[in-house]
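Dear colleague,

Please find the structure handed over below, and take a moment to look through it before reading on. My notes on what was found in it follow.

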Amino acid sequence: MPQLEQKNAPQTAEPQKQASAAKRKPVKKTRKPMTEKEKNGASLFSAILILGVAAYLVIVLIIAMLVWYSFSNVSENRTSYQLRVLDDEENRLFTYTAAEANNAYGLYMKFSDLSAYCDLGVAGDSDKVTFFLPGKEDEVVCYRNSSLVQINGNTARISEPVLFEGKDYLLPVSLFENYLGGFLISYDEEKLLCTVVIPENPVFTPRMHEPEQLDPCTSLPFPDESSEETSA
């Protein structure tokens, strides 16, 4: 009897592929919705962060305004002194009336008057000028209508600005009182008289008040009262 060949039914691989694909397919995880408490916490954190940034910006703005005010604001001079300048033998060199010596900032002397008796050298332009002290290598750099000066490279803020007026310079008496010792300066409160004594050969002694080290670029200029440009 012929042997019957047993035919094996072909098996398709399609179900196996589908099963494998089903296994490899990532299962999406659904995000758990935030609870009301979590939402409130997130809102509170955002509000605190915004308030913190706003407070920081306000503080920075206040500091910037205070710095600007300190450099740009000078209280007006309330006491007007006459000014007389003497030599060391009490001979009168020149005098200013109260109207000539005082302005809104304080008590001033003209560079042209001082240089005739102090042998001060000068070089510069309409925005910056350097004064050279007699017999020494010291120098004073001043900026147009600025309260900052540089004395031998050290920057200091004086109480009144150095004013450029036409072809001359107005130097505050306080500059010589506090930063350039060499004159004898006294005040008569009853007569409202300031006396400046210039020795025959004045020796200036630059004085700095530490730790005040400032950048001239940070100083805002005072109102420009010059009528024409200065040329040294």
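**Notes on the structure**

Asn152 sits in the loop between strand E7 (146-151) and strand E8 (154-165), where strands (E, at least two residues) and helices (H or I, at least four) are DSSP runs numbered from the N terminus. The model is a predicted one, in which local features need pLDDT of at least 70 and side-chain atom pairs count only at pLDDT 80 or more, while totals for chains, interfaces and linings use all residues. Residues are numbered from 1 along each chain as its sequence is written, and side-chain values use heavy atoms, with hydrogens and water left out.

Phi of Asn152 is near 50°, a positive value in a residue other than glycine, and Asn152 is partly exposed, with a relative accessible area of 35%. Here buried means under 20% relative accessible area, exposed means over 50%, and partly exposed lies in between (1.4 Å probe, protein chains only). Glu90, found in the loop between strand E1 (82-87) and strand E2 (92-96), also has a positive phi, near 65°, and is likewise a residue other than glycine; at 65% relative accessibility, Glu90 counts as exposed.

Ser126, by contrast, lies in the loop between strand E4 (121-124) and E5, and is buried, with a relative accessible area of 16%. The C-alpha atoms of Ser126 and Lys167 are separated by 8.7 Å, although these residues are 41 apart along the chain.

Turning to the aromatic residues, a search of the whole structure finds 10 aromatic pairs, a pair being rings of Phe, Tyr and Trp (its six-membered ring) with centres within 6.5 Å, called stacked if the planes are under 30 degrees apart, edge-to-face if over 60, and tilted for the rest. Phe131 and Tyr169 form an edge-to-face pair, with 5.6 Å centre to centre and 85° between the planes. Because Phe131 lies in strand E5 (residues 128-132) and Tyr169 in strand E9 (residues 168-172), the pair ties together parts that are 38 residues apart in sequence. Both Phe131 and Tyr169 are buried, and ring pairs link Phe111, Phe131, Phe164 and Tyr169 into a cluster.

Met109 is found in strand E3 and is buried, with a relative accessible area of 0%.

Next come the spaces, which were searched for on a 1 Å grid over the protein atoms alone: a cavity is a set of points where a 1.4 Å probe fits but cannot get out, a pocket is an open set with protein on both sides within 12 Å along at least five of seven lines, and lining residues have an atom within 4 Å of a point. Grid points are joined across faces, edges and corners, and a volume is the space filled by probe spheres set on the points. The search of the whole structure finds one cavity of 30 Å³ or more. The largest cavity holds about 50 Å³ of space, and its lining includes Leu120, Phe131 and Val140. The largest pocket has a volume of about 170 Å³, and among the residues lining that pocket are Tyr96, Asn102, Met109 and Glu165. Helix H3 (98-101) and strand E3 (108-110) are the elements that give two or more residues to the pocket lining.

With best wishes
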